[in-house]
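Hi everyone, thanks for coming.

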Amino acid sequence: MHALWRLAAVAVAAICGIVSAAGIEDGEKRTGFDFMTPETQALQADDMSNPGMLWVLQGEQLWQTGAGQGGCRLLRLP
């Protein structure tokens with residue numbers, strides 16, 4: 001029963017988000033990048049300085065490792 005209420009709450013939140021976003025004109029829509037400081041924007045724009053790229057590189061290395069049983073790629077989380 002709790003799962004049904006959670007599903008209903010998620011559905012209502014999604015519908016409210018869609019309705020509120022529909023009222024914003026295309027020229028007025030902005031991303032989170034617009035609210036960042038110039039220093040943070042520069043950090044995200046530079047792949048060598050962006051800490052998030054460390055995860056991308058690690059994921060690339062994991063993906064290139066051999067496949068497990070049945071051709072599936074498995075990942076062991078720490």
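**A first look**

In secondary structure, the protein comes to 3 helices and 0 strands. Those words refer to DSSP runs, numbered from the N terminus: helices are H or I with at least four residues, and strands are E with at least two. Reading along the sequence, you get the pattern α-α-α.

Please keep in mind that this is a predicted model, where local features need pLDDT of at least 70 and side-chain atom pairs count only at pLDDT 80 or more, while totals for chains, interfaces and linings use all residues. Residues are numbered from 1 along each chain as its sequence is written, and side-chain values use heavy atoms, with hydrogens and water left out.

How confident is the predictor? pLDDT is its confidence in each residue, from 0 to 100. The mean for the protein is 78, and 74% of its residues reach 70 or more.

**Surface and burial**

The protein exposes about 7300 Å², with carbon and sulfur atoms supplying 65% of that. Accessible areas here come from the Shrake-Rupley method with a 1.4 Å probe, and for residues only the protein chains shown count as cover. What share of the 78 residues is buried? Buried residues make up 1%, where buried means under 20% relative accessible area, exposed means over 50%, and partly exposed is in between (1.4 Å probe, protein chains only).

**Around Asn50**

Now find Asn50, in the loop between helix H2 (38-45) and H3. Asn50 counts as buried because its relative accessible area is 19%. Leaving out residues up to four places away in sequence, Asn50 touches Leu43 and Gln44; contact means heavy atoms within 4.5 Å.

Leu43 itself lies in helix H2 and is partly exposed, at 36% relative accessibility. Beyond its neighbours within four places in sequence, Leu43 is in contact with Ser49, Asn50 and Pro51.

Helix H2 also holds Thr40, which is partly exposed with a relative accessible area of 32%. Thr40 and Asn50 are 10 residues apart along the chain, and their C-alpha atoms are separated by 9.3 Å.

**A nonpolar patch**

Last stop: Leu54, Trp55 and Leu57 make a nonpolar surface patch of about 400 Å². Like charges are joined within 9 Å, and nonpolar side chains (Val, Leu, Ile, Met, Phe, Trp, Tyr) within 5 Å. Leu57 sits in helix H3 (residues 52-64) and is partly exposed, at 45% relative accessibility.

Note on methods: Patches are made of residues with over 30% relative accessible area and no salt bridge: like charges are joined within 9 Å, nonpolar side chains (Val, Leu, Ile, Met, Phe, Trp, Tyr) within 5 Å. A salt bridge is a side-chain nitrogen of Lys or Arg within 4 Å of a carboxyl oxygen of Asp or Glu. pLDDT is the predictor's confidence in each residue, from 0 to 100.
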